[in-house]
Amino acid sequence: GDQVSGAAGGRAEIQIDAAHYLRVGPDTELRLADLENGHYQVQISHGSIAWRVLRDSQAQAEIDTPLVGVHPGAQSMVRVEVDQDGSSHITVRRGGAEVSTQKGSEQLTANNTMDVRGDVNDPEFQVVAAAGRDDFDNWSDQRDNYLLKAQSQRYVTEDVHGVEDLDSYGRWD
């Protein structure tokens, strides 16, 4: 039930578990609706987020916008942007995602964007090639590279979150 807001020019990363990372972009408002029992649900009212499934996981994630529900696939990077009018833009940078509306669901593959506009009961969507990368995408990639190179998971169980940040302060023995 917690709410998270990203300030102008700000960004943040929330580690949900050993596999799932939620990255919050500038001028973003979201609600952490459910983070229990292997089911993670966030609701974004406006702004940009990136959901990264970095490792294999049995947990299920759902990102809700005013118009659609987005379910990131295995080892995926999904960016979700919501405009002030509720229009949603779902971009898959890696892997895949399922995008659900009241009319049904559609698979979205890497390097594609789904633009969704209209009314929640009758949304219109269009799939186009993904737009070029921006600073938020580049920052997210840098975080992925850092996390994937971290040595800490060899020495600490995956139940301990955030240990990757210790790697830059020394070495593990």
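Modeller: Let me first settle a term: a pocket here is an open set of grid points where a 1.4 Å probe fits, with protein on both sides within 12 Å along at least five of seven lines, and its lining residues have an atom within 4 Å of a point. Please keep in mind that this is a predicted model.

Biologist: Fine. Which residues line the largest pocket?

Modeller: The lining is made up of His20, Val53, Asp56, Ser57, Ala59, Gln60, Ala61, His71, Pro72, Gly73 and Ala74, and the space in this pocket comes to about 150 Å³.

Biologist: Which strands supply at least two residues each of that lining?

Modeller: Those are S6 and strand S7 (69-72).

Biologist: Now the packing. Which residues touch the most other members in the largest nonpolar core?

Modeller: In that core of 28 residues, Trp51, Val80 and Ile90 touch the most other members. At least two core residues come from each of strand S3 (20-24), strand S4 (28-36), strand S5 (39-53), strand S6 (60-64), strand S8 (77-82), strand S9 (88-94), strand S10 (96-101) and strand S12 (112-119), and S5 gives the most, with six residues.

Biologist: What does Trp51 touch, leaving out residues up to four places away in sequence?

Modeller: Its contacts are Ile16, His20, Tyr21, Leu22, Tyr40, Val42, Ala61, Ile63, Pro72, Ser76, Met77 and Val78. Among these, His20, Ala61 and Pro72 also line the largest pocket.

Biologist: Switching to the helix, how far does H1 reach?

Modeller: Helix H1 covers residues 135-149, 15 residues in all, and spans 21 Å from its first C-alpha to its last, which is close to the 21 Å expected.

Biologist: And which H1 residues are buried?

Modeller: Phe136, Asp137, Trp139, Ser140, Asp141, Arg143, Asp144 and Leu147 are buried, and what covers the buried residues of H1 includes strand S2 (12-15), S3, S5, S8 and S9.

Biologist: Last topic, backbone angles. What is the phi of Asn37?

Modeller: Asn37 has a positive phi of about 50°, although it is not a glycine, whereas most residues other than glycine have a negative phi. Asn37 sits in the loop between S4 and S5.

Biologist: Is Asn37 buried or exposed?

Modeller: Asn37 is exposed, with a relative accessible area of 79%. Asn111 is also not a glycine and has a positive phi, of about 70°, and Asn111 lies in the loop between strand S11 (104-109) and S12.

Conventions
Residues numbered from 1 in each chain as written. Predicted model: local features only at pLDDT ≥ 70, side-chain atom pairs only at ≥ 80, totals over all residues. Heavy atoms only, no water. Core = buried A, V, L, I, M, F, W, Y, C linked by side-chain atoms within 4.5 Å. Buried < 20%, exposed > 50% of the residue type's maximum accessible area, 1.4 Å probe, protein only. Helix = DSSP H or I, 4+ residues; strand = E, 2+ residues; numbered from the N terminus. Contact = heavy atoms within 4.5 Å. 1 Å grid on protein atoms, 1.4 Å probe; cavity = no way out; pocket = protein on both sides within 12 Å on 5 of 7 lines; lining within 4 Å. Points joined across faces, edges and corners; volume = space filled by probe spheres on them. Expected span 1.5 Å × (residues − 1).
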